[in-house]
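I set out to record what I looked up in this structure. The entries follow in the order in which I made them.

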Amino acid sequence: MPLQNRVDPFGALQAVPDRGLFMGNRGGCFHRENQTLKGRNWTSKRWIICVLSFKDRKRKLMQPGLYTELFFLDEATALAGGHRPCFECRRAEASAFCDGLITLGHLRAGETIDKLDALAAGEIQAVLSGATDREAVSPESLPDGAMYATGGAAYLKHDSAARAWSFEGYGARQPLHATGERLTPHITCEALRAGYSPILHPSVTACPLRLQKKRLSTISASRPCSAAGSGLRSWNSSAR
């Protein structure tokens with residue numbers, strides 16, 4: 001039976017057999033010894049996106065007391081769920097993500113990553129806990145790479161069109177809906193507006209899977225990243 005560790009664009013965790021392009025975590029351990037989840041599906045606001053393989057590391061899933069491993073269809077899905085690139089195994093992407101926000105004035109150079117995490121993961125935590133509702137938007141106003149929901153289904157905005165999301169991949173191109181609820185956190189949408197380009201599942205593009213894997217290999221080594229909640233205190237520093 002699949003573990004309940006696949007993240008959907010709403011930030012919820014599901015038990016499905018489908019695999020994805022990325023793994024990640026939410027800052028620590030929130031599973032029990034029997035590999036079921038505790039009531040709250042996070043331990044902090046340090047929600048990160050990691051590569052599937054990194055620096056010859058190995059780990060068994062959901063070990064007692066160790067961080068709860070999560071998996072995502074692709075980076076757009078992870079971003080919608082409130083995660084952001086890891087500074088250990090995806091340093092170049094994490095730096096580009098933050099640099100775009102600095103350029104737009106949303107962050108200051110040298111500022112700790114805590115502010116970004118409070119805005120990204122913090123927004124989704126507030127939604128999942130029932131403290132706030134999702135924002136109603138015109139999908140046309142969202143940047144490419146962002147996700148929205150309508151009629152209970154999630155959609156990726158890609159090349160100014162909509163693609164229905166599923167754990168297996170994306171559906172055919174279709175017109176954007178007139179209205180929807182924004183899934184991707186506001187701060188993450190700003191990073192996308194600044195030019196950050198998330199890695200998408202090959203079902204959304206014309207390029208074959210082998211080319212998508214080649215792109216992924218440029219940021220991967222050989223085994224999983226093992227840093228729980230890895231994020232530098234400052235993205236201009238080497239200290240965690």
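I took helices (H or I, at least four residues) and strands (E, at least two) as DSSP runs, numbered from the N terminus. I worked from a predicted model, in which local features need pLDDT of at least 70, side-chain atom pairs count only at pLDDT 80 or more, and totals for chains, interfaces and linings use all residues. Residues are numbered from 1 along each chain as its sequence is written, and side-chain values use heavy atoms, with hydrogens and water left out.

Entry one: the cavity. I defined a cavity as a set of points on a 1 Å grid over the protein atoms alone where a 1.4 Å probe fits but cannot get out; lining residues have an atom within 4 Å of a point. For the lining of the largest cavity, β1 (6–7) and β5 (70–72) each supply at least two residues. Among the lining residues I noted Asp-18, Arg-19 and Phe-167.

I found six of the eight residues of α4 (residues 186–193) buried, so the helix is largely enclosed by the rest of the structure. Buried means under 20% relative accessible area, with a 1.4 Å probe and protein chains only. Ile-187 and Leu-192 are among these buried residues, which pack against α1 (75–80), α2 (91–103), α3 (114–128) and β12 (180–182). Just after α4, I saw that Gly-195 takes a positive phi of about 115 degrees.

Terms used:
1 Å grid on protein atoms, 1.4 Å probe; cavity = no way out; pocket = protein on both sides within 12 Å on 5 of 7 lines; lining within 4 Å. Buried < 20%, exposed > 50% of the residue type's maximum accessible area, 1.4 Å probe, protein only. Contact = heavy atoms within 4.5 Å.
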